[in-house]
Amino acid sequence: MIFHINRATLKPTTTPEQIEAALAAWRTMGETIPSVRSYVAGRDHGGDYEYSCIFVLDDLAGLFEFLTHRATYAMDVIGLELVERLDIFDISDDNDPELGTKIEELHRRRNEDNPSIAGLLAEVPTFRGAGLES
């Protein structure tokens with residue numbers, strides 16, 4: 001099982017309407033991407049971030065479907081311009097010693113296949129995540 005996690009702090013200029021649109025887009029991802037088993041998206045409590053989401057996926061194939069789904073790309077277009085700080089990471093109970101490298105490769109492949117999305121990620125002032133660092 002893979003838990004795909006996003007933690008974000010938004011720019012001070014982000015409006016309540018933009019926040020709601022971004023949260024709705026995360027929820028749409030959870031509800032429409034077939035490989036998502038469960039998800040949660042909302043306020044981040046007890047950390048240095050304002051909002052977070054977690055998507056639960058079965059395996060690498062499900063993660064890649066999730067990363068390349070049209071709902072994920074739609075969220076990228078809506079949300080990445082709002083983000084001041086973003087961490088994207090994956091947690092798994094799989095004992096494969098190469099799993100981290102395989103996950104990195106999926107993220108890298110997704111970004112290479114979609115230069116406009118990679119460009120949006122590169123514009124985030126503080127970003128840490130699989131496949132692209134800034």
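These legends walk through several close-up views of one predicted model. Residues are numbered from 1 along each chain as its sequence is written, and side-chain values use heavy atoms, without hydrogens or water. Because this is a predicted model, local features need pLDDT of at least 70 and side-chain atom pairs count only at pLDDT 80 or more, while totals for chains, interfaces and linings use all residues.

**View 1. The largest nonpolar core has 33 residues.** A nonpolar core here is a set of buried Ala, Val, Leu, Ile, Met, Phe, Trp, Tyr and Cys residues joined through side-chain atoms within 4.5 Å. Buried means under 20% relative accessible area, exposed means over 50%, and partly exposed lies in between (1.4 Å probe, protein chains only). Look for Trp26, Met29, Phe55, Leu63, Phe66 and Leu86, which have the most contacts inside this core. Two or more residues each come from strand 1 (2-10), helix 1 (16-32), strand 2 (36-43), strand 3 (51-57), helix 2, helix 3 (70-79), strand 4 (83-92) and helix 4. Helices (H or I, at least four residues) and strands (E, at least two) are DSSP runs, numbered from the N terminus. Helix 1 gives the largest share, 6 residues. In soluble globular proteins, nonpolar side chains tend to be buried together.

**View 2. Phe66 and its partners come into focus here.** Contact means heavy atoms within 4.5 Å. Setting aside neighbours within four places in sequence, Phe66 touches His4, Met29, Ile33, Ser35, Val36, Phe55, Leu57 and Thr72.

**View 3. Helix 2 (residues 60-68) packs with helix 4 (residues 99-113).** The angle is about 25°, and the axes are 10 Å apart. Axes are lines fitted to C-alpha atoms, for helices over the stretch in contact, and angles run from 0 to 180 degrees between N-to-C directions. Helix 2 and helix 4 are therefore roughly parallel to each other. Angles under 35 degrees count as roughly parallel, over 145 as roughly antiparallel, 65 to 115 as roughly perpendicular and the rest as oblique. On the helix 2 side, find Leu60, Leu63, Phe64, Leu67 and Thr68; they meet Leu99, Lys102, Ile103, Leu106, His107, Arg109 and Arg110 of helix 4. By class, the residues of this contact are 7 nonpolar, 2 polar and 3 charged. Ala, Val, Leu, Ile, Met, Phe, Trp, Tyr, Cys and Pro count as nonpolar, Asp, Glu, Lys and Arg as charged, and the others, Gly among them, as polar.

**View 4. Helix 2 crosses helix 3 at roughly 45°.** Their axes come within 5 Å, and the two helices are therefore oblique to each other. Phe66, Leu67 and Thr68 of helix 2 make the contact with Arg70, Thr72 and Tyr73 of helix 3. These residues divide into 3 nonpolar, 2 polar and 1 charged.

**View 5. Helix 4 meets helix 5 (residues 115-122).** The axes of helix 4 and helix 5 come within 5 Å and cross at roughly 110°. That makes helix 4 roughly perpendicular to helix 5. Arg110, Asn111, Glu112 and Asp113 of helix 4 are in contact with Pro115, Ile117, Ala118 and Leu121 of helix 5. This contact has 4 nonpolar, 1 polar and 3 charged residues.

View 6. Leaving aside neighbours within four places in sequence, His69 is in contact with Thr32, Ile33 and Pro34. Thr13 and Leu82 are 69 residues apart along the chain, and their C-alpha atoms are separated by 8.2 Å.
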